[in-house]
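Student: I have a structure open and would like to learn how to read it. Could we go through it feature by feature?

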Amino acid sequence: MAGSAATGGVVLVADDDAAIRRSLERGLRLSGFTVLLAADGPGALALLAERSPDLLVLDVSMPGLTGTEVCRSLRARGDETPVLMLSALDELADRVAGLQAGADDYLVKPFALEELVLRLRALLRRRPAGPAGPAPDAPLRAGPLVVDPATREVHRDGIAVHLTRREFELLAALVRNAGIVLTRDQLLDRVWGYDFEVRTDAVDTFVSYLRRKLEEGGRPRLIHTVRGVGFVLRTTDAATTDTLTDDDGRSGP
C-alpha cells in the first residue's frame, strides 16, 4: 500500500455530498492523514486504478455506483484495503448489506470526527502486514480447524473455508483462545481495535457469518454463545450446556 509522510496514512474518501467531502478532507488532514477525494463510485474506482490508499471511506448511497457496490467490486478482485462505510441510514439491513459486501466498519451520519479518526486508526493498525512487516504466526489449530495467518487460509476437516479479512481475524482470535470465553468488548478490541464506547452488534453479525460458513453441510457448531457474556470456540463437549445458548436463546451444545 502507498506510504505517506502524514502519520495517519492515505485515505480515499468517496461521498457525493461536496460539503461532507470538504469537511472530511479538512478534518482528516488536521488529524495527520493524506486525503484523496472522489465524488462518486466510478470516480473512486478510477482513483484506485492509479493510487493505492491505506484506507477507504465510502458513502453507502452514492448515485450511479453505491459504496456497497464499490466495496463488493474491490473484494471480488482480491483487494483487501480496509473499508469504512458511511450512511445516513441506521437500519440493520443496511449495515448487514455493507458488511456482507466486505466492509470492515460502518458509521452512521451524523458522527463526530473524533470517532471516525479513532475507527480509521484502528483499521490501519489491523491491516495485513506488507512484505517488510513482521513474520506471520505459525498455523493455529483447534480441533478440526486449521487457521494459517501466513496464507490467510482456513480449513475445517481438510476442506477450505473462504472468509473475508474481518471474518478471518475474528476466527483467529477465537482459535487463539479456544475454550476461553471472550466478551464482545474483548473481541472488538482484539479484532476491530476499538478502545472507546461503540455498538457491539458488529461482533454478533460477524459471528453469524462465521457460523454459516463453518457449519455448511450440517457440520457441528464450533462457535458458541455464552449467555450474557460473549462467545467461545469449543471443539469438545467439555463445557456444560446450561451456560451455552443458540442464537434464538435455546440451550444448545
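Predicted model: local features only at pLDDT ≥ 70, side-chain atom pairs only at ≥ 80, totals over all residues.

Student: How many cavities of 30 Å³ or more does a search of the whole structure find?

Tutor: On a 1 Å grid over the protein atoms alone, a cavity is a set of points where a 1.4 Å probe fits but cannot get out. Grid points are joined across faces, edges and corners, and the volume is the space filled by probe spheres set on the points. Searching the whole structure gives one cavity of 30 Å³ or more. The largest cavity holds about 40 Å³ of space.

Student: Which residues line the largest cavity?

Tutor: A lining residue has an atom within 4 Å of a point. Here the lining consists of Arg75, Glu80, Leu99, Gly102, Ala103, Asp104, Thr164, Arg165, Arg166 and Phe206. Sorted by class, three are nonpolar, two polar and five charged. In this sorting, Ala, Val, Leu, Ile, Met, Phe, Trp, Tyr, Cys and Pro count as nonpolar, Asp, Glu, Lys and Arg as charged, and the others, Gly among them, as polar.

Student: How many helices and strands does the chain have?

Tutor: Helices (H or I, at least four residues) and strands (E, at least two) are DSSP runs, numbered from the N terminus. The chain has eight helices and 13 strands.

Student: What share of the chain is buried?

Tutor: Buried means under 20% relative accessible area, exposed over 50%, and partly exposed in between (1.4 Å probe, protein chains only). Of the 253 residues, 45% are buried.

Student: Is Val11 buried or exposed?

Tutor: Val11, in strand β1, is buried, because its relative accessible area is 0%. A contact means heavy atoms within 4.5 Å. Leaving out residues up to four places away in sequence, Val11 touches Leu28, Phe33, Thr34, Val35, Leu36, Leu55 and Val57. Thr34 is 23 residues from Val11 along the chain, and their C-alpha atoms are 6.1 Å apart.

Student: What does Asp15 touch?

Tutor: Asp15 sits in the loop between β1 (9–14) and α1 (18–30). Its relative accessibility is 1%, so Asp15 counts as buried. Beyond its neighbours within four places in sequence, its contacts are Ile20, Arg21, Ala38, Ala39, Asp59, Met62, Leu86 and Lys109. Asp59 belongs to strand β3 (residues 55–59) and is buried, because its relative accessible area is 4%. The contacts of Asp59, not counting residues up to four places away in sequence, include Asp15, Leu86 and Lys109.

Student: Which helix holds Leu124?

Tutor: Leu124 is in helix α5 (residues 113–125). With a relative accessible area of 16%, Leu124 is buried. Leu124 and Gly9 are 115 residues apart in sequence, yet 7.9 Å apart from C-alpha to C-alpha. Gly9 is also one of the contacts of Leu124, as are Gly8, Asp54 and Leu55, with neighbours within four places in sequence left aside.

Student: What should I check in the backbone?

Tutor: Most residues other than glycine have a negative phi, and most peptide bonds are trans. In this model the peptide bond from Lys109 to Pro110 is cis, with omega near -10°. Pro110 is in the loop between β5 (105–108) and α5.

Student: Which residues have a positive phi without being glycine?

Tutor: Arg152 is one of them, with phi near 55°. Arg152 lies in the loop between β7 (145–148) and β8 (153–156) and is partly exposed, because its relative accessibility is 33%. Asp157 also has a positive phi, about 55°. Asp157 lies in the loop between β8 and β9 (159–161), and its relative accessible area of 52% makes it exposed.

Methods: Residues numbered from 1 in each chain as written. Heavy atoms only, no water. 1 Å grid on protein atoms, 1.4 Å probe; cavity = no way out; pocket = protein on both sides within 12 Å on 5 of 7 lines; lining within 4 Å.
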